[in-house]
Amino acid sequence: MRTLLTQPFTLHDVTKLRRAVAEQAESCGLSGPRLDDFVLAVHESVVNAVEHAGGHGYLKLWTVNGVIRSETTDHGSGIPDDYVAGRHRPSDLGYTGRGIYLIRRLCDTADFHTSPLGTTVRLTMRLPRGPELCTRQRMKRIRVSAGGHPPGRFTA
């Protein structure tokens, strides 16, 4: 597991946080529509916490076993069961109810744990196959010389 981002947030952090999630997800290999979908889903979970759970929350972003995950936590009063199910498309005329519906359709997996003490939304997206770009350690550049004194001495 590699933690990419951990941050408390308020309304003032939403835009900056969206950019940071996009940069981290892209560095892990997400691109195109899958990148856009993941970033929008995370954004919706953050906006829901700000709008419906007291104006603040906490976001964690990490990779593990070929997936990228986000977890948005708040201390609001919970989400009504009808909204958590998110199975039916909300009315085009309604003001609320689209966030969870979108989240469920944009990510590979969306888990909601909600109670009167708060909500945790965990979103998962599979990363492209191949080496996990964001988990590889960057190699240091070194200068090697084989022409030192005495001749043939190797230095790094």
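Rings of Phe, Tyr and Trp (its six-membered ring) are taken to pair if their centres lie within 6.5 Å, with planes under 30 degrees apart counted as stacked, over 60 as edge-to-face and the rest as tilted. By this criterion, a search of the whole structure finds zero aromatic pairs. The structure is a predicted model, in which local features need pLDDT of at least 70, side-chain atom pairs count only at pLDDT 80 or more, and totals for chains, interfaces and linings use all residues. Residues are numbered from 1 along each chain as its sequence is written, and side-chain values use heavy atoms, with hydrogens and water left out.

The charged end of Lys60 lies over the ring of Trp62, 5.1 Å from its centre (NZ of Lys or CZ of Arg within 6 Å of the ring centre and within 35 degrees of the ring normal).

Helix H1 spans residues 14–27, and its axis comes within 10 Å of that of H2, with a crossing at roughly 150°. This angle makes H1 roughly antiparallel to H2 (over 145 degrees). The crossing of H1 with H2 is right-handed. On the H1 side, the contact (heavy atoms within 4.5 Å) involves Val14, Leu17, Arg18, Val21, Ala22, Ala25 and Glu26. The residues of H2 that take part include Phe38, His43 and Val50. By class, 13 nonpolar, one polar and two charged residues form the contact of H1 with H2.

Helix H2 (residues 32–52) also approaches helix H4 (residues 98–106), their axes coming within 9 Å and crossing at roughly 150°. H2 is therefore roughly antiparallel to H4. H2 passes H4 in a left-handed crossing. Asp37, Leu40, Ala41, Glu44, Ser45 and Asn48 of H2 meet Gly99, Ile100, Leu102, Ile103 and Leu106 of H4. Six nonpolar, three polar and two charged residues make up the contact of H2 with H4.

Definitions and conventions. Axes are lines fitted to C-alpha atoms, for helices over the stretch in contact, and angles run from 0 to 180 degrees between N-to-C directions. Helices (H or I, at least four residues) and strands (E, at least two) are DSSP runs, numbered from the N terminus. Angles under 35 degrees count as roughly parallel, over 145 as roughly antiparallel, 65 to 115 as roughly perpendicular and the rest as oblique. A crossing is left-handed if the near helix is turned anticlockwise from the far one by less than a right angle, and right-handed if clockwise. Ala, Val, Leu, Ile, Met, Phe, Trp, Tyr, Cys and Pro count as nonpolar, Asp, Glu, Lys and Arg as charged, and the others, Gly among them, as polar.
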